[in-house]
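Take a look at the fold below.

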Amino acid sequence: MLRDEQVQDIVVIGAGIIGINVALALQRHGADVLVFDRTGVGAEASQSNAGAFAFSDIVPLATPGVLWRAPRWLLDPLGPLSIPPSYALPLLPWLLRFFRASLPDRYAAGLAAQAALMTLSREALERQVANVDAGHLLLREGQLQIFDSEQTFRASLPVWEERARHGIRFDLLHGADALAKLQPGLDPRFKHAGFTPDWLNTCDPAAWLAHLAETFRQRGGRIERAEVVALKAEENSVHLRLSGREVQSARQVIVAAGAWSHHLARTLGDRIPLETERGYNTTLPEGAFDLRTHLTFSDHGFVVSRINGGVRVGGAVELGGLRRPPDFRRSQVLLAKAARFLPGLRTEGGTEWMGFRPSLPDSLPIIGRSPHCARVIHAFGHGHLGLTQAAATGEIVAALARDIPAPIDLTPFSANRF
Ligand SMILES: Cc1cc2nc3c(=O)[nH]c(=O)nc-3n(C[C@H](O)[C@H](O)[C@H](O)COP(=O)(O)OP(=O)(O)OC[C@H]3O[C@@H](n4cnc5c(N)ncnc54)[C@H](O)[C@@H]3O)c2cc1C
């Protein structure tokens, strides 16, 4: 264990998919990196998500007109979007920022920033796959985004146009037969879809993260179990106060603590409107369904992905904070819907899970230096896209830590933007 007077080169707080990617990228450039996590590797959101590298998801959640659509979704307490009544008041400042992000000019700027990060994410992932030899954990099967009706498909056309503008390849499909060619067993009521061939999945997000963490360790990186309680800027270092352990000092600190990151940022004086979009899923065992590609049921806010030969059904957004216990009726509702949409799906023997997506109101992460301490770099708030954007976030943070220009413009990702 390190003693007080020793100053670590770089400490990363959080061993989720973001923290481990950042640690690997820093290590690749010669840094001596120590990762702290209070629970262990991948114990939170990064553990059991849908496993998608969702490179075509460039549209922020706060779309123009969301203010008029959201109340309808909220009417169903087990619908795809929910806010527990007792959490509505604490959530209000975040919601106001969310609605502001949906104003047309802000939305357009957010989309452009997300698209730039996605292009980098796609390239960075391929670099990473080669660097850590992880091709065997990838599925290159694309994504079928399915619409309930011609009306909802037509409503999605502006988004497909945006994708085309940003160089994202897709095919728009019409007719149950065309859909069945890509995914047999889909209920024939579905007649409209878009297929994005460059979308990737990992066969298991937990195994993916474990492989990255193991590679980091084998190359000399250290991951220790400790909770960081507070950060303090010193003249030539940052002090980390740890729960039940001595103080640690580091020349640079990366905050990658997922949905809890704002609490740490606050100890430096940074006020960041981070909330959690809690999401739910059920993982069904091998043989549950012959899934050929990642399915997204756009009008219902859930996805179906292949995990280790089994099938994971999940999604939903519950803006309910970090303390409330999970309400697994949400995963059950999604599973019942999936059984209607995929009539051959065997729904028995599943494992339910809830995870805390770390989300900022404009759907963009914070990647950049703390406004109150230049030795601290924030890397959190990736919402629905943490797995997708993790390799790119690692590359960006490694550039910042070495004081060289980042590969994309980081202004839209600044901690000061709210
Ligand atoms: C149902 C669901 C499905 C999803 N599907 C996808 C998908 O298909 N594709 C995709 O790209 N994204 C998906 N996501 C989002 C993705 O899971 C998250 O964006 C991502 O996991 C966030 O990673 P993270 O490393 O920032 O946070 P986390 O994985 O939550 O890791 C944060 C870590 O920090 C540690 N920590 C927190 N506070 C402290 C502290 N004070 N001291 C020490 N350690 C601390 C925690 O123990 C934890 O290990 C999904 C999320 C959910 C919930």
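Which residues line the largest cavity? They are Leu139, Glu141, Gly142, Asn201, Thr293, His294, Ser305 and Arg306. This is a predicted model: local features need pLDDT of at least 70, side-chain atom pairs count only at pLDDT 80 or more, and totals for chains, interfaces and linings use all residues. Residues are numbered from 1 along each chain as its sequence is written, and side-chain values use heavy atoms, with hydrogens and water left out.

Stay with the empty spaces. Rolling a probe the size of a water molecule over the atoms shows where empty space is left. Here the search runs on a 1 Å grid over the protein atoms alone. A cavity is a set of points where a 1.4 Å probe fits but cannot get out. A pocket is an open set with protein on both sides within 12 Å along at least five of seven lines. Lining residues have an atom within 4 Å of a point. Grid points are joined across faces, edges and corners, and a volume is the space filled by probe spheres set on the points.

The structure holds four cavities of 30 Å³ or more. The largest cavity has about 50 Å³ of space. Its lining has one nonpolar, five polar and two charged residues. In this count, Ala, Val, Leu, Ile, Met, Phe, Trp, Tyr, Cys and Pro are nonpolar, Asp, Glu, Lys and Arg are charged, and the others, Gly among them, are polar.

Now turn to the second largest pocket. Its volume is about 300 Å³. It is lined by 15 residues, and Ala101, Arg106, Asp362, Leu364 and Arg417 lie nearest its centre. Nine of the lining residues are nonpolar, one is polar and five are charged. H4 gives the largest share, five residues. Helices (H or I, at least four residues) and strands (E, at least two) are DSSP runs, numbered from the N terminus.

How is the chain divided? The assignment gives domain 1 (7–46 + 207–273 + 363–413) and domain 2 (63–101 + 137–202 + 274–359). Such bounds come from an automatic or database domain assignment. The two centres, taken over C-alpha atoms, are 29 Å apart. In all, 19 residues of domain 1 are in contact (heavy atoms within 4.5 Å) with 16 residues of domain 2.

Next comes the largest nonpolar core. Such a core is a set of buried Ala, Val, Leu, Ile, Met, Phe, Trp, Tyr and Cys residues joined through side-chain atoms within 4.5 Å. Buried means under 20% relative accessible area, exposed over 50%, and partly exposed in between (1.4 Å probe, protein chains only). This core has 63 residues, and Val12, Leu26, Trp208 and Ile254 touch the most other members. Helix H4 (residues 104–132) gives the most to this core, with 11 residues. Domain 1 and domain 2 each provide at least three. Leu26 touches Ile10, Val12, Ala31, Val33, Ile254, Val397, Ala398 and Ala401, leaving aside residues up to four places away in sequence.

Finally, look at the backbone. Asp133 is not a glycine, yet its phi is positive, about 55 degrees. Asp133 lies in the loop between H4 and strand S5 (138–139). It is exposed, at 59% relative accessible area. Ala316, also not a glycine, has a positive phi of about 70 degrees. Ala316 sits in strand S17 (residues 310–318) and is buried, at 6%.
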